[in-house]
Amino acid sequence: MTVPLRKNVRFQLLWIGGAVSELGTELSRLATPLLVLALTGSPGLAGVVAGARTAAFLAVQIPAGVWIDRWDRRRTLVTAQGLQAAVSALLAALILTDQVQVWHFVALAVLDGLCTAFIGPVQDTAIRGIVPPEQLHGAYAQEESRAHAAGLAGPPLGGLLYGLGRAVPFVVETFALLAATLFYALAKVPRRPSTAADAADDDSGEGRGMGREALAALAWLWRRPGLREATGVVMVLNLLGGASMIPLIVLVGERGGDARVTGTVLAGFGIGGLAGALLSGRISRLMPPGRIVLAVVTVFGVSLTATALPWGMWWPMVPLVFITLSTPSLNVVLNVVIARLVPEPMLGRMGAVLSMGGMGLKPLGPVLGGALAAALGGAGALLTLGGLLCLTAAVAALSPELRRFTGEPVPAA
């Protein structure tokens, strides 16, 4: 008899560890730029610190995926989380002793990004190892709610703690990351994938060298019609969706909104995201994955276009809620598909490949959005981006592979 997900102790410990870790990280995500600005007065240097973390994450993502498929996954997760806690503790100590400098932020941001590149993929592989296939929808829906809840609670709590003292958010983050390390250790995630899958699927590439193992994961994805097209559409969605933030800020400002109004309007993302995460498990079962991809991109495009309607500075908050109300379902269904279809010895690499695909174009989003806003204004830029997303959905709908994609195992093409 299958144990209900809520009574799956190993999964719940893994989930609690992830929730505590994400909340701690969100605390410093706001506090770090505030402190860098206070020390230097330079927004550019604050951006350098954030960019250093992202660059380190992207640089090691693919090698991390390969190593995760080779190493003891339980030890990798606990070690990476423990090192991240040590990095946070070192930064807190430097701040408390008034010795912190900008290069400290950059160096420690790089180390933090390296740890994150390992933690995420191991968490994903662990879920498949401890959750039965029929409960994956519920598990990934719970994962989505964790991420959105942390995103909502973290920034205001981080700001409150920073007001109590510059080092306070970093001290709290350190304890949160240490607690996450303990929860991960107690979860006892599977150490290694079963070797039987290697013999069953000679696409795994295991034992061929790092480059060949990474290429094996790419080749596996390319030979899966439907999943291949869905991945491409999501990459475009991440690019154009990521480009919308600056035009939204410009639009609210053009309509007379100040920083308070802008922040409240953008909270629509978090409100819709949390509600969507709570509903995502049910929504993801209503349609096959291919149609969910098309539906979410269409809703995103139409809603983004609707933000440009001339109904005042508060209006954009309404369509923003609809945008993030739909996207968690896409995340859940694609995570379930990957967990079901990818051979277990390849899960780490495939998670890294998909993460790189999603993140690879993401840094271009703000550049594109800023250029469009400068040339067309906030409303013009949002109309353009929304129109491009609707066009993406229309073109993607022409693909019979995507329309028929059910996420069920099929022979490779």
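Biologist: Where is the place of D98?

Modeller: This is a predicted model in which local features need pLDDT of at least 70, side-chain atom pairs count only at pLDDT 80 or more, and totals for chains, interfaces and linings use all residues. Residues are numbered from 1 along each chain as its sequence is written, while side-chain values use heavy atoms, with hydrogens and water left out. Helices are DSSP runs of H or I with at least four residues, strands are runs of E with at least two, and both are numbered from the N terminus. D98 is placed in the loop between α3 (73–96) and α4 (102–130).

Biologist: Is D98 buried or exposed, and what is its phi?

Modeller: A residue is buried under 20% relative accessible area, exposed over 50% and partly exposed in between, with a 1.4 Å probe and protein chains only. D98 has 71% relative accessibility, so it counts as exposed. Most residues other than glycine have a negative phi. D98, however, has a positive phi, near 55°.

Biologist: What is the phi of K188?

Modeller: K188 lies in the loop between α6 (168–187) and α7 (196–200), and its relative accessible area of 48% makes it partly exposed. This residue, which is not glycine, has a positive phi near 50°.

Biologist: With which residues is L389 in contact, leaving aside its neighbours within four places in sequence?

Modeller: Contact means heavy atoms within 4.5 Å. With those sequence neighbours set aside, the contacts of L389 are L237, L240, V297, F300, G301 and L304.

Biologist: What is the area of the nonpolar surface patch that includes L388?

Modeller: L388 lies in helix α15 (residues 364–396), and it is partly exposed, with a relative accessible area of 34%. Patches are made of residues with over 30% relative accessible area and no salt bridge, where like charges are joined within 9 Å and nonpolar side chains (Val, Leu, Ile, Met, Phe, Trp, Tyr) within 5 Å. A salt bridge is a side-chain nitrogen of Lys or Arg within 4 Å of a carboxyl oxygen of Asp or Glu, and accessible areas come from the Shrake-Rupley method with a 1.4 Å probe, only the protein chains shown counting as cover for residues. Together L388, L391, V395 and L398 make a patch of about 390 Å².
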